[in-house]
Amino acid sequence: MRRAHLLGLGFMAPALLIVCLFFLAPVIMTAVFSFTNMSSGTGISGGAYEVTEKTVRRLPEHGFPEAKAEMLAQDVYRIDPAGLTALGAGYGKALADEVGKSLSGKTFNGRRDLERALKKMKARPRSIREIKVAADLFKRSVLNTRYETEDAFVAAITDLDLKLDTSERALLSKVAYTGWTWTTENYELIATLPSTLRAAANTLTYVGFTLAFNVGFGLFLALATFYLPGAQAATFRAIWILPRILPPVIYIMMWKWLTWDTGFISSFLSNFDVTPRNWMLHSDINAWVSIVLINGFVGASLGMILFSSALRAIPSSMLYASEVDGASRLQQIWYIILPQLRWPILFTTAYQTLSLLTSFDYIYLSTDGGPGSSTEVWALYTFHTALNNYGGALQYGLGAALALVLVVIGIAASLVYLRLFNFDKLVAKPRIEQ
Amino acid sequence: MRIALENFTKTFGDTAVIENMNLEIASGEMLALLGPSGCGKSTTLFAVCGIHRMDGGRLLFGDKDVTSVPSQNRNVGVVFQNYALYPHMNIYENIAFPLKIRKDNKKTIDEKVQEIAELVHIPELLDRKPIQLSGGQQQRVALARALVREPDVLLLDEPLANLDAKLRLEMRSEIRRIQQKTGITAILVTHDQVEAMSMCDRIAIMDKGQIVQLSTPKDMYENPASEFVAGFMGNPPISFLDGTVDENDLRLANSSQSLPLSSNISLPNDGETLRLGIRPEHFQPNYPAKLSGKISFIETQGREVLYDVTLENGDVLRSIQSSGMPHAIGELVTWGIDPDKTLAFAANGSRL
Ligand SMILES: Nc1ncnc2c1ncn2[C@@H]1O[C@H](COP(=O)(O)OP(=O)(O)O)[C@@H](O)[C@H]1O
Ligand SMILES: [Mg+2]
């Protein structure tokens with residue numbers, strides 16, 4: 001390898017490291033998580049085996065015989081050697097022998113029956129309380145008992161004598177497992193859940209309208225300031241950059257202040273007998289308009305700056321030429337200026353599509369997806385699913401799958417744009433020549 | 001179409017670039033606006049085509065006052081110094097642009113573009129983009145675009161400045177040919193007196209926003225109105241000798257030599273300063289009024305040789321002679337001047 005190659009590699013090393021650390025690694029982790037059913041219920045470390053009321057309720061849904069599920073939930077007491085040994089250790093050999101002789105092998109449903117039988121024993125404990133404790137030694141139910149290994153769990157189930165076949169036992173183990181497991185279920189969910197469809201539609205609306213506003217308004221601002229006298233144009237541009245440099249939280253606070261039902265718009269309109277309302281969340285339309293404007297006013301400044309500099313790169317003699325050739329302002333814009341802004345426009349569109357696809361900060365701060373989930377875009381839906389929701393049931397696995405879909409779409413879009421731009425050419429030659 | 005500027009004034013901010021300029025160009029005439037860089041030639045041109053608003057005065061095309069007519073409606077063709085071709089359109093679209101804006105139908109456009117392309121000799125280039133053309137070809141395209149809608153007036157802003165010497169020569173005659181063929185009224189802006197003299201019917205020479213002389217090339221060369229004009233016209237340039245008037249002679253400054261003055265000059269009083277302009281072709285070995293000096297520079301131009309002769313007071317006279325008479329640098333020569341061919345100027349630069 002030549003020295004120049006090594007040097008090049010040396011220069012690239014920090015970038016490569018950062019790409020690996022902050023892009024590749026997270027994407028791979030996300031991909032891994034997306035094939036699990038991790039959630040705040042399962043935790044992210046291993047789990048245990050436990051039959052709860054909820055397990056019992058869910059079992060029939062998975063095809064487990066209902067009768068056997070019922071039995072799982074019952075309090076079963078059986079007089080077996082293990083119980084007798086424990087009884088002997090606690091309450092003396094006499095009682096154990098006596099119980100063994102008269103009750104061995106018997107099964108009681110519920111503690112009360114067993115207590116009654118125990119009371120008949122000669123060597124019985126004095127107090128009722130002690131009898132209850134003694135009866136519990138024979139309790140053979142698995143309900144609400146944690147088993148750390150599958151073997152222990154299976155042993156306990158076998159003990160119950162439910163006459164399960166192998167597949168039923170496997171099913172029971174699976175449902176009773178409290179930890180996470182590998183699964184492709186997340187992707188099936190994404191394909192079928194109405195809420196993901198909704199999020200996808202919302203994302204299209206969001207990206208489409210915001211992009212149109214950003215590019216359109218940015219172009220309008222650039223053209224308007226281009227034809228304005230210098231000082232006015234500079235002031236105008238500065239004003240439109242303000243939203244960009246405002247901290248997002250403060251920017252959104254001001255929007256909220258503007259749109260609250262006691263905010264500026266409501267107060268102002270109350271002069272005209274308009275009922276005060278929350279202008280941001282009153283209806284879907286309100287929410288969408290707010291979101292497009294909030295994002296648009298921030299995003300338009302980027303387009304404005306790019307377009308303005310591109311405009312000023314057009315030689316003034318070219319504009320003069322089109323004027324004496326008879327072109328009006330509009331024709332000048334249409335035939336001379338816009339064709340020469342093609343690259344900046346394409347670039348802004350591409351860049352903003354990609355950033356809008358993944359951005360949800362302003363939506364999170366303003367409507368948080370509301371009202372309902374009418375403005376919940378894919379990225380925000382992912383965030384809600386995996387990291388932050390009211391119920392508190394966080395589905396890490398599903399969230400990771402959702403995020404991965406976004407990553408894939410983003411990469412695909414980037415490739416399309418690179419192709420469209422013919423990026424090598426774009427960097428190689430200036431697009432505005434004399 | 002006749003063009004007339006009456007009391008034209010143009011200011012940028014507080015500075016008046018042009019004040020009260022009057023200029024009339026006859027129909028079918030080609031006029032040169034000649035002057036040093038920054039004297040206001042382009043400003044005048046841009047006022048005529050309407051790109052700059054006039055701050056005072058009137059502009060007439062024919063008898064029509066077009067002072068406040070927007071440039072779109074003036075029907076002028078302009079060739080810009082950098083050609084200002086539209087880079088995203090091919091040559092055909094560039095030339096067709098004024099017609100397309102005017103909403104001519106496709107067939108008319110096609111005919112006119114082909115016709116004008118023939119006229120400027122570029123019919124084979126119509127499919128190319130401007131960036132694929134040489135400077136001279138771009139120049140022709142710019143000319144074609146300016147002429148295609150048969151404008152009343154053709155304006156050319158330093159059209160040859162960006163071309164190499166050979167192309168400049170070729171395009172000089174080419175533009176003149178096209179102008180004469182179309183019979184269009186044209187204004188040529190240039191800082192090159194050779195261009196102005198060789199291409200135009202008349203020259204308006206400008207200095208600091210003023211037209212200092214308006215005349216035919218020949219007259220302007222032979223009868224410059226001021227020292228400025230004399231110095232501007234002619235290549236190689238005229239040389240000047242300073243001195244004081246002593247009866248009918250000029251006593252050269254810091255020198256014992258003197259020269260007889262022509263009787264054509266209205267002489268100022270004795271003792272006043274006077275500046276004599278002598279063109280290189282009027283300082284020759286066989287002319288009567290002799291001056292001695294040392295050859296300080298020789299420039300061989302092929303058919304002719306240019307000598308710089310430094311007089312004893314340090315002033316330099318130029319002489320252009322046909323080659324064949326070998327002289328060497330440092331040689332002492334005594335050559336003569338024809339007093340009747342000299343140009344005399346007062347201290348303020350005006351012609352005497
Ligand atoms: N747009 C402008 N703003 C301010 N000053 C200008 C402008 N255009 C030209 N000038 C000034 O006017 C003077 C004449 O310019 P111009 O007509 O371009 O000269 P030229 O004779 O070289 O074409 C120059 O001093 C120039 O600096
Ligand atoms: Mg100029």
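Colleague: Into which domains is chain B divided, and how far apart are their centres?

Modeller: This is a predicted model: local features need pLDDT of at least 70, side-chain atom pairs count only at pLDDT 80 or more, and totals for chains, interfaces and linings use all residues. Residues are numbered from 1 along each chain as its sequence is written, chains are lettered from A and ligands numbered from 1 in the order in which they are written, and side-chain values use heavy atoms, with hydrogens and water left out. Chain B has domain 1 (3-232) and domain 2 (239-345), with bounds from an automatic or database domain assignment. Taken over C-alpha atoms, the centres of domain 1 of chain B and domain 2 of chain B are separated by 39 Å.

Colleague: How many residues of domain 1 of chain B are in contact with domain 2 of chain B?

Modeller: Contact means heavy atoms within 4.5 Å. On the domain 2 side of chain B, six residues take part. On the domain 1 side of chain B, the number is seven.

Colleague: Which UniProt annotation covers residues 3-233 of chain B?

Modeller: Over residues 3-233, chain B is 36% helix and 26% strand, with the end C-alpha atoms 25 Å apart. Helices (H or I, at least four residues) and strands (E, at least two) are DSSP runs, numbered from the N terminus. UniProt positions are given in the numbering used here, feature names are shortened, and annotations may be inferred rather than shown by experiment. The unreviewed entry gives "domain: ABC transporter".

Colleague: Which helix gives the most to the shell around ligand 1?

Modeller: A residue counts as near if one of its heavy atoms lies within 4 Å. The residues around ligand 1 include Phe12(B), Val17(B), Ser37(B) and Lys41(B). By class, the shell has three nonpolar, five polar and one charged; Ala, Val, Leu, Ile, Met, Phe, Trp, Tyr, Cys and Pro count as nonpolar, Asp, Glu, Lys and Arg as charged, and the others, Gly among them, as polar. With three residues, the top contributor is helix H1 (residues 41-49) of chain B.

Colleague: What share of ligand 1 does the protein bury?

Modeller: Oxygen atoms of ligand 1 lie 3.0 Å from a polar backbone atom of Gly40(B) and 2.9 Å from one of Lys41(B). A polar side-chain atom of Ser42(B) is 2.6 Å from an oxygen atom of ligand 1. Taken alone, ligand 1 exposes 560 Å² (Shrake-Rupley method, 1.4 Å probe). Of that, the protein buries 55%.

Colleague: Where does Pro236(B) lie?

Modeller: Most peptide bonds are trans. The bond from Asn235(B) to Pro236(B) is cis, with omega near 0 degrees. Pro236(B) sits in the loop between helix H8 (227-232) and strand S11 (239-246) of chain B.

Colleague: What is phi of Lys208(B)?

Modeller: Most residues other than glycine have a negative phi. Lys208(B) has a positive value, in the loop between strand S9 (202-207) and strand S10 (210-215) of chain B. Its phi is near 50 degrees.

Colleague: On to chain A. How much of residues 285-307 is helix?

Modeller: UniProt, in an unreviewed entry, lists residues 285-307 of chain A among those for "transmembrane region". The end C-alpha atoms of this span of chain A lie 30 Å apart.

Conventions
Polar contact = N/O pair within 3.5 Å; in protein donor to acceptor, adjacent residues only side chain to side chain.
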